[in-house]
Amino acid sequence: QVQLVESGGGLVQAGGSLRLSCAASGRTFSTTCMGWFRQAPGKEREFVAGISRGGINTYYADSVKGRSTISRDNAKNTVYLQMNNLKPEDTAVYYCAGAERNLPYSRSVYARADEYDYWGQGTQVTVSS
């Protein structure tokens, strides 16, 4: 079992930045592939970014590519999502997720919510125009 707790959300003006954190406990973090998803009101949950166990391979949704960076610190059992140049359409609840199996190096695989076994409770990000 892995417990995931997100933090770092908040209210920010368009063009601003936020860094989300997700602290993991339980299963060995370094053997867990991680992802960030988001869900806006009235919309389906969507993939934002993913990172392999060792942190070498990263994947992004087109909507955030170039504005966001996913990273992890396995010594601290934490995964991060740095988001820059935020837009009102980035407003959503952001969730981190963990996958037990060693996911293939493919964005399409990391983007599948059903590949993940563990989910955090979410953190709200609101971007004002």
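Student: Which residue forms a disulfide with Cys22, and how many Å apart are their sulfur atoms?

Tutor: This is a predicted model, in which local features need pLDDT of at least 70 and side-chain atom pairs count only at pLDDT 80 or more, while totals for chains, interfaces and linings use all residues. Residues are numbered from 1 along each chain as its sequence is written, and side-chain values use heavy atoms, with hydrogens and water left out.

The partner of Cys22 is Cys96, and their sulfur atoms are 1.9 Å apart. A disulfide here is a pair of cysteine sulfur atoms within 2.5 Å, and the structure holds one. Cys22 belongs to strand E3 (residues 18-26) and Cys96 to strand E9 (residues 92-99), so the bond ties together parts that are 74 residues apart in sequence. Strands (E, at least two residues) and helices (H or I, at least four) are DSSP runs, numbered from the N terminus. The link of Cys22 and Cys96 is right-handed, with 40° about the S-S bond. Both Cys22 and Cys96 are buried; buried means under 20% relative accessible area, exposed means over 50%, and partly exposed lies in between (1.4 Å probe, protein chains only).

Cys33 is also a cysteine to consider. The sulfur of Cys33 is 14 Å from the closest cysteine sulfur, that of Cys96, which is too far for a bond. Cys33 counts as buried because its relative accessibility is 0%.

Next come the charged pairs. Side chains of opposite charge can pair when their charged atoms come close. A salt bridge is counted when a side-chain nitrogen of Lys or Arg is within 4 Å of a carboxyl oxygen of Asp or Glu, and by this rule there are seven. One of them joins the side chains of Arg38 and Asp90, at 2.9 Å from N to O. This pair links distant parts of the chain, with Arg38 in strand E4 (residues 33-39) and Asp90 in the loop between strand E8 (78-83) and E9, 52 residues apart. Arg38 is buried because its relative accessibility is 6%, and Asp90 is buried with a relative accessible area of 1%.

Another salt bridge has the side chains of Arg107 and Asp62 at 3.0 Å, N to O. Arg107 is in helix H1 (residues 107-110) and Asp62 is in the loop between strand E6 (58-60) and strand E7 (68-73), so far as position goes 45 residues apart and in distant parts of the chain. Arg107 is partly exposed at a relative accessible area of 37%, whereas Asp62 counts as exposed at 61% relative accessibility.

Glu115 and Arg112 also meet through their side chains in a salt bridge, at 3.9 Å from N to O. Glu115 is buried, with a relative accessible area of 16%, and Arg112 is partly exposed, with 43%. Through salt bridges that share partners, Arg38, Glu46, Arg67 and Asp90 are joined into one network.

The nonpolar side chains come next. In soluble globular proteins, nonpolar side chains tend to be buried together. A nonpolar core is a set of buried Ala, Val, Leu, Ile, Met, Phe, Trp, Tyr and Cys residues joined through side-chain atoms within 4.5 Å. The largest such core has 38 residues, of which Leu4, Trp36, Ile70, Val79, Leu81, Met83 and Tyr94 touch the most other members. E9 gives the most to this core, with five residues. Contact means heavy atoms within 4.5 Å. Apart from neighbours within four places in sequence, Met83 is in contact with residues including Leu18, Leu20, Arg67, Tyr94 and Val125.

Thr123 is in strand E11 (residues 123-128) and counts as buried at 11% relative accessibility. Not counting residues up to four places away in sequence, Thr123 touches Glu6, Ser7, Gly8, Gly9, Leu20, Ala92, Val93 and Tyr94. The side chain of Thr123 also reaches the backbone nitrogen of Gly9 at 3.2 Å.

Last are the rings. Rings of Phe, Tyr and Trp (its six-membered ring) pair if their centres lie within 6.5 Å, and planes under 30 degrees apart count as stacked, over 60 as edge-to-face and the rest as tilted. The structure holds five aromatic pairs. Among them, Phe37 and Phe47 are edge-to-face, at 5.7 Å centre to centre with 70° between the planes. Phe37 lies in strand E4 and Phe47 in strand E5 (residues 46-51), 10 residues apart, and both are buried. Ring pairs link Phe37, Phe47, Tyr116 and Trp119 into a cluster.

Key. Polar contact = N/O pair within 3.5 Å; in protein donor to acceptor, adjacent residues only side chain to side chain.
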